[in-house]
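Me: I would like to learn how to read a few features of a model. Where should we begin?

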Amino acid sequence: VVIMSSILEHMCADVFQQTGLSLRPAVEGQEPIPYRNLLPARQPIRQALQTQFREVLEKGWVDSHAFHLFENLLHMGGVFWFTNNLVKELLKETRKEWASRVVELLYSIFCLDTQQITLTLLGHILPRLLTDPAHWHSLADPPGRALA
């Protein structure tokens, strides 16, 4: 019964995490059940990705909390969405040192699913950036060289 209760509480946490509802009120001397998914309640996943990536960029490294959040975002948004939005974050950078830092962070984040992300990057995202003249301005020196 104790094991089943724990499993059901974790399943409810997965369901309620986007609504911000608590599983049970905090009892004195007992912590509330943490959500297994780390996404902020009532926040679009793109905004969660951008916010978390900016925090990681400020720190300069990916901690375990951020890594789990990126993993959840990858599963929720899909490989193409995840890779495309992170490449957009790279192309926003205008300073050389920040662009190279973003590339280093992307290497660590892309380890979540290296094979699928590489296939998506080489098969869909990079060809679109290179063949569409509307995207050529974003491939200027700092971010374009870092992406290359």
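Reply: With surface patches. A nonpolar patch joins nonpolar side chains within 5 Å, taken from residues with over 30% relative accessible area and no salt bridge. The model here is predicted.

Me: Which residues make the nonpolar surface patch of about 530 Å²?

Reply: Ile3, Met4, Ile7, Leu8 and Met11 make this patch. Leu8 is found in helix H1, residues 2-16.

Me: How is the length of helix H4 checked against its 13 residues?

Reply: At 1.5 Å a residue, H4 (residues 79-91) should span 18 Å. The C-alpha atoms at the ends of H4 are 18 Å apart, which agrees.

Me: Which residues of H4 are buried, and what do they pack against?

Reply: Phe82, Thr83, Asn84, Asn85, Leu86, Val87, Glu89, Leu90 and Leu91 are buried. The buried residues of H4 pack against helices H2 (45-59), H3 (64-77), H5 (96-109), H6 (114-131) and H7 (141-147).

Me: Which members of the largest nonpolar core touch the most other members?

Reply: In soluble globular proteins, nonpolar side chains tend to be buried together. Here the largest core has 27 residues, of which Phe53, Phe70, Leu73, Phe82, Leu86, Val87 and Leu106 touch the most other members. At least two residues come from each of H2, H3, H4, H5 and H6, and H5 gives the largest share, 6 residues.

Me: What is Phe70 in contact with, leaving aside neighbours within four places in sequence?

Reply: Phe70 contacts Leu49, Gln52, Phe53, Val56, Val62, Phe82, Ile109 and Leu112.

How values were computed:
Residues numbered from 1 in each chain as written. Predicted model: local features only at pLDDT ≥ 70, side-chain atom pairs only at ≥ 80, totals over all residues. Heavy atoms only, no water. Helix = DSSP H or I, 4+ residues; strand = E, 2+ residues; numbered from the N terminus. Expected span 1.5 Å × (residues − 1). Buried < 20%, exposed > 50% of the residue type's maximum accessible area, 1.4 Å probe, protein only. Contact = heavy atoms within 4.5 Å. Core = buried A, V, L, I, M, F, W, Y, C linked by side-chain atoms within 4.5 Å. Patch = residues over 30% accessible without salt bridge, like charges linked within 9 Å, V, L, I, M, F, W, Y side chains within 5 Å. Areas by Shrake-Rupley, 256 points an atom, 1.4 Å probe, with all protein chains shown as cover. Salt bridge = Lys/Arg side-chain N within 4 Å of Asp/Glu carboxyl O.
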